[in-house]
Amino acid sequence: MKRSMLQRIERVLQLHSLCRQLNPLCPRSLSTRQWRSALFPPQSLAAVHHRPQTSNFLETTTQPCRFLSARKEKVQKKEKLQPIKVKEQKKVVEVWHNMTIRELAKAMGRDIDDIYETLMYSDFDVDNLKPSSALTPEMIKATIKKSGMKHMYMEKKEEKIVENKDAVKRGPADPSLLVPRHPVVAIMGHVDHGKTTLLDQLRKSQITAMEAGGITQHIGAFSVYLASGDKITFLDTPGHAAFSAMRERGAHVTDIIILVVAADDGVMKQTIESIQHAKNARVPVILAINKCDKPEANPERVKMELLSHNIVCEEFGGDVQAITISALKGENLQALAEAVITLSEMLELKADRTGLVEGTVIECRTDKGKGPVTTAIVQRGTLKKGAVLVAGKAWAKVRLMLDENNTVLNEVLPSMPVEIVGWKELPSAGDEILEVESEQQAKEVVQWRTYIEEQEKIEKDLEVIELKQKEHREAHRKHLDSFIGMTWKQKSAVLYRTKKTLMSKRPAETTARDKATVPIIIKGDVDGSVEAILGVLDTYDADHECELDLVHFGVGDISESDVALAETFSASIYGFNVNANKSIQQTASKSDVPIKLHKVIYHLFDDLKEELSSRLPELTEETVKGEASVLALFDVSVGKKTVQVAGCRVQKGLLDKKMKFKLIRNNNVLWEGSLTSLKHHKNDVPTVKTGVECGLSLDQDVEIKVGDEIICFEEKTVPQKISWDPGF
């Protein structure tokens with residue numbers, strides 16, 4: 001028994017020794033020390049320590065326990081790594097001294113309004129600041145800082161300067177190079193005063209018979225050889241009111257103006273306009289009083305009327321030659337030709353035939369076989385085949401030169417009219433023609449002119465934008481000022497009411513956009529015709545009734561692209577002196593695109609006015625059929641209901657029960673509707689004539705008094721006409 005007790009004590013000692021070895025590896029706690037002291041009192045442990053050492057067997061038995069305790073060692077939990085927050089880098093804005101608001105907005109990638117708003121919240125005065133105004137360094141720093149950015153000063157980037165490669169006229173010619181030239185004469189005057197008939201007689205042609213409506217609608221250039229051997233270049237300008245720009249263009253390229261005035265009509269509107277063109281161009285005038293063969297002709301009256309316009313004839317002490325003629329019968333035309341030659345000799349007209357060509361575009365058109373074709377007057381130099389020309393934003397290498405009779409010309413001298421074939425694009429009538437050295441130079445000139453036009457357009461657009469932005473800033477400032485002294489709740493309430501008001505206005509804005517609109521496409525035979533039509537369209541002033549939308553305009557016959565464009569915009573195509581082949585007409589018919597072709601300009605505008613009028617709502621017109629006055633009132637029982645009956649006498653016309661009626665008192669309409677009954681004595685009648693008494697009752701309960709008027713009227717719907725007046 002003692003032996004077994006000793007073995008148990010040895011095992012306890014082994015366990016104790018093992019615990020002491022593991023003690024450095026385990027955290028100590030008060031509970032462990034208490035447990036150990038309670039289990040092994042100090043006295044017993046001291047006694048045990050003096051016992052002899054245990055055997056090797058006991059030492060070896062402790063090794064597995066050591067490895068087991070090592071496996072049970074607590075593994076410390078790994079802490080989760082927090083994500084590293086990358087500090088947001090501020091955008092760096094490159095700035096420089098005297099930077100404008102527009103440049104700062106571009107550098108920051110913001111709108112100009114954002115810059116203004118930022119400055120408004122600062123202590124800076126922005127009332128006089130424009131987008132082109134230079135900002136102080138303090139303004140630049142404050143704006144960038146409030147926008148959450150950083151700034152960095154640098155030198156201003158120099159913009160690339162575009163070299164001016166435009167073509168210009170040559171300087172004055174050497175007097176030794178000047179040679180005489182024949183005159184260029186423009187025939188001007190009022191419509192139907194005989195200008196083209198006069199030209200027919202001079203050149204023995206029949207131009208008038210070939211013109212639509214018997215009126216000139218183009219500017220024509222012709223060379224006329226007189227019996228004396230002299231040569232004159234004539235420009236026949238339209239006299240119609242729509243062709244004012246053509247007349248002005250003709251006046252600026254001529255040496256002499258023949259002012260044709262009908263002896264029976266006298267001075268008219270276009271006559272006065274032609275006189276003004278001559279004065280502006282500083283061109284001398286020869287007065288041709290036409291239609292003197294008529295019995296009612298009065299040449300002296302014409303001369304007296306012209307005095308008020310500073311056209312003083314020679315017989316009144318002036319310098320204007322006055323020739324009385326009859327263009328229809330060819331009377332006294334030789335005297336007119338001699339007057340032109342005499343005046344040209346006095347002017348000593350000369351030109352330089354050497355060097356680069358200079359001229360003016362008189363008219364432009366697109367020919368089906370030749371392409372873009374221009375009629376021009378050469379003013380300097382000698383034009384030859386292969387020359388490279390520039391006019392406006394178009395250039396040409398001359399392939400063909402023709403006169404008015406389609407005769408091919410090898411060279412064109414000053415004062416000669418010519419048709420030039422070889423243009424890459426169609427220039428505009430009135431453009432200046434200049435010859436350049438090469439095709440490359442011509443392209444550079446066109447590019448420069450296009451660039452200048454774009455820059456001018458950008459400047460105009462910026463002016464409009466600046467004006468709109470200024471209005472927006474003023475409105476925004478007033479809006480911000482209205483919030484001064486308000487709490488955030490009051491501000492929220494104001495913003496809610498404002499938004500609600502704007503939402504309620506949206507349907508009205510949508511309705512306003514849905515008003516009648518007439519989209520149109522204009523095609524003309526020559527540039528001058530299109531110019532004249534556009535000039536008349538510029539006078540349109542009835543947008544409040546019906547909007548006129550010009551979708552496209554151009555020169556040449558109607559094409560498939562025109563029809564496709566018209567189909568896209570639901571537009572009508574108006575053609576002036578142009579054609580549309582069968583395939584084009586069939587395509588337009590399938591696409592429901594109306595094509596309206598006209599030969600006379602005022603017929604075109606009559607048709608356009610009819611289309612505009614057709615889009616207007618019909619008007620309701622009232623025609624009074626009869627009037628009656630109320631003499632007495634009666635209450636009549638109809639079943640269980642009491643009906644008021646007015647006793648009346650018809651004063652004018654008749655009362656028809658089927659028509660509508662009005663009750664009028666003191667010129668105020670109190671009721672409008674129909675009658676439920678109309679009686680004469682006790683009989684129901686359909687009508688009551690003048691002077692007959694009747695009784696009538698209304699379809700509504702309206703208080704009727706003695707002395708009221710009953711009006712019988714008929715309503716008719718009539719088409720409304722557009723108020724626009726083109727002026728002819």
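Two strands count as paired if DSSP finds at least two bridges between them. Helices and strands here are DSSP runs numbered from the N terminus, with helices (H or I) of at least four residues and strands (E) of at least two. Keep in mind that you're looking at a predicted model, where local features need pLDDT of at least 70, side-chain atom pairs count only at pLDDT 80 or more, and totals for chains, interfaces and linings use all residues. Residues are numbered from 1 along each chain as its sequence is written, and side-chain values use heavy atoms, leaving out hydrogens and water.

Let's start with strand β19 (residues 517–524). Its residue K523 stands opposite G554 in β20. Strand β20 (residues 547–555) runs parallel to β19, and eight bridges join the two. Strand β21 (residues 572–576) is also parallel to β19, joined to it by five bridges; here I521 has I573 as its bridge partner. Helix α17 (residues 527–537) comes in too: β19, α17 and β20 make a right-handed β-α-β unit. Right-handed means that, with the strands pointing away from you, the path from the first strand over the helix to the second runs clockwise. Strand β19 is largely enclosed by the rest of the structure, because seven of its eight residues are buried (under 20% relative accessible area; exposed is over 50% and partly exposed in between, with a 1.4 Å probe and protein chains only).

Next, look at S147, in the loop between α8 (137–146) and β2 (149–153). S147 counts as buried because its relative accessibility is 17%. Leaving aside residues up to four places away in sequence, S147 touches M108, R110 and T118, where contact means heavy atoms within 4.5 Å.

Finally, find K679 in strand β28 (residues 675–680). K679 is partly exposed, with a relative accessible area of 33%. Not counting residues up to four places away in sequence, K679 touches D684, V685, C694 and G695.
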